[in-house]
Amino acid sequence: MLQNPGAVTFPTAGIYAVSLTVTDSAGITDPSPKTRTITVSAPPPTLTAANPNTGSRGQAKLNVTLTGSNFATAPTCNFGAGITVNSCTYSSPSQIAVNVSILASATVGTRDIKVTNADGQSSTLVKGFNVQAKPSKRH
């Protein structure tokens, strides 16, 4: 009868050397293969909100806080066409500080926001940011 040894949980992402020893009903063991290398990846990021989630055409140096989970150091951020990401700074596993500038010629409407961790895993907040027309000046 085969027995399942159960799940093994690794504490952090990394490369681990593991071994498995098989013991039959007579108590005879066979380590086959003797050692294996397992690569454990970090979970992908999850992007859940942007605050503020709206900016105006021509607005420069707007600070936006992205929230979610599993963010890693050295992320990259993308807010779509017409928005320049000036900086994308890891604050914590649940927060990224972003500074953006919106081109005066940016198309009005919603944009997806994408965060990519240094390991290449990413998350997209669909329609996470809205570009609006520049408010008219009042006299």
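**Entry 1: Asn 53**

I started with Asn 53, which counts as partly exposed because its relative accessibility is 41%. A reminder to myself: this is a predicted model. I placed Asn 53 in the loop between S5 and S6. Then I asked which residues Asn 53 is in contact with, once its neighbours within four places in sequence are left aside. I found Gly 128, Phe 129 and Asn 130. I also looked for a polar contact from the Asn 53 side chain, and there is one to the side chain of Thr 54, at 3.3 Å.

**Entry 2: the partners of S12**

Next I went through the pairing of S12. With strand S6 (residues 54-56) I get three bridges, and the two strands run parallel. For Gly 55, I noted Val 131 as the bridge partner in S12. With strand S11 (residues 109-116) I get seven bridges, this time antiparallel. S11 and S12 form a hairpin, and I count five residues between them. In that turn I picked out Gly 120, whose phi is positive, at about 95°.

**Entry 3: Ser 123**

I stayed with S12, residues 122-132, and looked up Ser 123 in that strand. Is Ser 123 buried or exposed? I have Ser 123 down as buried, because its relative accessibility is 10% and the cut-off for buried is under 20%. Opposite Ser 123 I find Val 115. Where does the polar side chain go? A polar atom of the Ser 123 side chain lies 2.9 Å from the backbone nitrogen of Leu 47. Leaving aside neighbours within four places in sequence, I listed the contacts of Ser 123 as Pro 45, Thr 46, Leu 47, Ile 113, Lys 114 and Val 115.

**Entry 4: the aromatic pair**

I searched the whole structure for aromatic pairs and came back with one. The rings belong to Phe 79 and Phe 129, with centres 5.4 Å apart; their planes stand at 75°, so I call the pair edge-to-face, the cut-off for that being over 60 degrees. The pair links distant parts of the chain, 50 residues apart: Phe 79 sits in the loop between strand S8 (76-78) and strand S9 (83-92), and Phe 129 in S12. I checked burial too, and both Phe 79 and Phe 129 are buried. For Phe 79, neighbours within four places again left aside, my contact list reads Val 64, Leu 66, Val 85, Val 98, Val 100, Arg 111, Asp 112, Ile 113 and Phe 129.

Nonpolar side chains tend to be buried together in soluble globular proteins.

**Entry 5: the disulfide**

Last, I looked for disulfides and got one. Cys 77 is joined to Cys 88, S to S 1.9 Å. I read 45° about the S-S bond, and the link is right-handed. Cys 77 lies in S8 and Cys 88 in S9, so the pair ties together parts eleven residues apart in sequence. I noted Cys 77 and Cys 88 as buried.

Conventions: Residues numbered from 1 in each chain as written. Predicted model: local features only at pLDDT ≥ 70, side-chain atom pairs only at ≥ 80, totals over all residues. Heavy atoms only, no water. Helix = DSSP H or I, 4+ residues; strand = E, 2+ residues; numbered from the N terminus. Buried < 20%, exposed > 50% of the residue type's maximum accessible area, 1.4 Å probe, protein only. Polar contact = N/O pair within 3.5 Å; in protein donor to acceptor, adjacent residues only side chain to side chain. Contact = heavy atoms within 4.5 Å. Phe/Tyr/Trp six-rings, centres within 6.5 Å; stacked < 30°, edge-to-face > 60°. Disulfide = S-S within 2.5 Å. Pairing = 2+ DSSP bridges.
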